[in-house]
Amino acid sequence: MVTFWWCLLGLLTCGYFALAGYDYGVGMLLPAFEADERKRRQTLGALGPFILANEVWLVAAVGLLFGAFPHLEGKVFAGAYVLVVTLLLGLVTFTASMQLRSRRPDARRGAWTAGIVGGAVVTALSWGLFLGNLVIGLPPIGDVLGLFTPYAVLWGLGFVALFCLQGAAFLAVRAPVELTGRAVRLARAFSAPVLAFLVLASVWGFFALDGVSALGAVVVVLAFAAFAVTYLGLVGRRYRLALVGSMTLSACPALLAGTLRFPTVLASPALTLDEAATAPETFAVLAWFAPPAVLVLLVVQWLTWRAHRRPVDQRSLLHF
């Protein structure tokens with residue numbers, strides 16, 4: 001039963017990275033497109049219908065973490081408190097800037113645009129550092145500099161490139177036709193640093209990490225396969241395939257963190273799955289609410305994608 005709830009938490013977490021990764025990628029890539037306001041709005045409008053639905057996955061994942069694995073939540077948040085704060089600052093800045101940028105047609109939008117770009121960069125870096133520390137092991141509580149080891153910094157920079165690749169693949173599918181070429185060129189440009197991140201993190205981890213499970217090795221192989229699908233989709237102009245590949249690739253780091261040493265779910269301080277779990281009575285209560293909520297989340301996400309599956313054009317209503 002505990003393993004079921006761990007898998008459900010993994011589904012929500014991986015779903016968040018697979019979907020919200022292109023949110024932050026589009027935000028970071030915004031300066032790469034022309035400063036023309038119409039094109040900027042089209043770029044953001046391609047993302048607009050999805051952003052709030054994507055963020056709900058994180059809310060659901062954190063809620064399940066609090067309810068099902070409170071001991072894990074306590075140790076992780078205490079050990080990486082600084083990164084949690086920077087992550088929240090990035091998320092709030094990005095989301096607020098997206099919502100407020102186009103409220104007034106005559107408003108100056110430079111500050112809000114900077115908020116979108118800066119919030120996206122901080123969020124990507126924070127997530128990379130956070131997951132990198134989970135993989136290699138959290139430092140002792142209070143050791144702030146210990147969160148910024150070279151391996152963790154590699155993950156932070158790798159996440160910036162990874163989300164930019166995903167954002168560019170998303171724009172290749174959803175952006176107006178006149179912006180598709182730029183999006184594809186950006187996606188190809190970020191393919192090299194993403195591949196470098198995958199290779200360096202894998203080789204470094206092979207020598208630095210202990211107790212790696214077979215599941216962790218499978219996830220690494222899956223990541224390289226997802227990158228291959230992404231790259232082949234870009235080269236073959238099958239941009240929807242490239243987007244699916246990049247979404248899978250963005251979910252792999254979270255999947256790796258959850259399976260790397262399973263059933264140990266936290267390397268430092270050491271914590272097993274059973275030790276992290278809540279009482280059986282709490283699971284019984286969660287069983288009434290969590291599965292129906294996840295089903296609704298999946299249905300709403302599918303309907304959102306179905307309703308906005310076509311690229312933005314001149315007739316599209318732009319809210320951002």
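Biologist: Which helix holds Phe130, and is Phe130 buried or exposed?

Modeller: This is a predicted model. Phe130 lies in helix α6, which spans residues 110-136. Its relative accessibility is 11%, and buried means under 20%. Phe130 of helix α6 therefore counts as buried.

Biologist: How far apart in space are Phe130 and Val153, C-alpha to C-alpha?

Modeller: In sequence, 23 residues separate Phe130 from Val153. In space, their C-alpha to C-alpha distance is 9.7 Å.

Biologist: Which residues are linked with Phe130 into a cluster by ring pairs?

Modeller: A search of the whole structure finds 24 aromatic pairs. Ring pairs link Phe130 into a cluster with Tyr16, Phe17, Tyr24, Phe94, Trp127, Tyr151, Trp155, Phe159, Phe163, Phe197 and Trp204.

Biologist: Why is the pair of Trp155 and Phe197 edge-to-face, and which helices hold the two residues?

Modeller: The ring centres of Trp155 and Phe197 are 5.7 Å apart and the planes stand at 90°, so the pair is edge-to-face. Both residues are buried. Because Trp155 lies in α7 (residues 150-174) and Phe197 in α8 (residues 177-208), the pair ties together parts that are 42 residues apart in sequence. The helices in question are α7 and α8.

Biologist: What is the angle between the planes of Phe159 and Phe163?

Modeller: Phe159 and Phe163 both lie in helix α7, four residues apart, about one turn of the helix. Phe159 counts as buried because its relative accessibility is 0%, and Phe163 counts as buried at 0% as well. Their aromatic pair is edge-to-face, with 5.3 Å centre to centre and an angle between the planes of 75°.

Biologist: Which helix gives the largest share of the nonpolar surface patch?

Modeller: Leu195, Val199, Val203, Phe206, Phe207 and Phe224 make a nonpolar surface patch of about 600 Å². Phe207 is placed in helix α8, and at 66% relative accessibility it counts as exposed. The largest share of the patch, five residues, comes from α8.

Biologist: Which residues form the positive surface patch, and is Arg306 buried, partly exposed or exposed?

Modeller: The positive surface patch is formed by Arg240, Arg306, Arg309 and Arg310. Arg306 is placed in helix α12, residues 280-307. Because its relative accessibility is 46%, Arg306 counts as partly exposed.

Biologist: Is Leu232 buried or exposed, and how far apart in space are Leu232 and Gly245?

Modeller: Leu232 is placed in helix α9, residues 214-235. At 58% relative accessibility, Leu232 counts as exposed. Leu232 and Gly245 are 13 residues apart in sequence, and their C-alpha to C-alpha distance in space is 9.4 Å.

Biologist: What is the phi of Arg237?

Modeller: Most residues other than glycine have a negative phi. Arg237 lies in the loop between α9 and α10 and is exposed, with a relative accessible area of 65%. Although Arg237 is not a glycine, its phi is positive, at about 60°.

Biologist: Which residue is joined to Phe262 by a cis peptide bond, and what is the omega of the cis bond from Ser268 to Pro269?

Modeller: Most peptide bonds are trans. A cis bond with omega of about 15° joins Phe262 to Pro263, and Pro263 is placed in the loop between α10 (239-259) and β1 (264-266). Pro269 is placed in the loop between β1 and β2 (271-272). The peptide bond from Ser268 to Pro269 is cis, with omega near -5°.

Conventions
Residues are numbered from 1 along each chain as its sequence is written. This is a predicted model: local features need pLDDT of at least 70, side-chain atom pairs count only at pLDDT 80 or more; totals for chains, interfaces and linings use all residues. Side-chain values use heavy atoms; hydrogens and water are left out. Rings of Phe, Tyr and Trp (its six-membered ring) pair if their centres lie within 6.5 Å; planes under 30 degrees apart count as stacked, over 60 as edge-to-face and the rest as tilted. Buried means under 20% relative accessible area, exposed over 50%, partly exposed in between (1.4 Å probe, protein chains only). Patches are made of residues with over 30% relative accessible area and no salt bridge: like charges are joined within 9 Å, nonpolar side chains (Val, Leu, Ile, Met, Phe, Trp, Tyr) within 5 Å. Accessible areas come from the Shrake-Rupley method with a 1.4 Å probe; for residues, only the protein chains shown count as cover. A salt bridge is a side-chain nitrogen of Lys or Arg within 4 Å of a carboxyl oxygen of Asp or Glu. Lys and Arg count as positive and Asp and Glu as negative; His and the chain ends are not counted. The place of a charge is taken as NZ of Lys, CZ of Arg, CG of Asp or CD of Glu.
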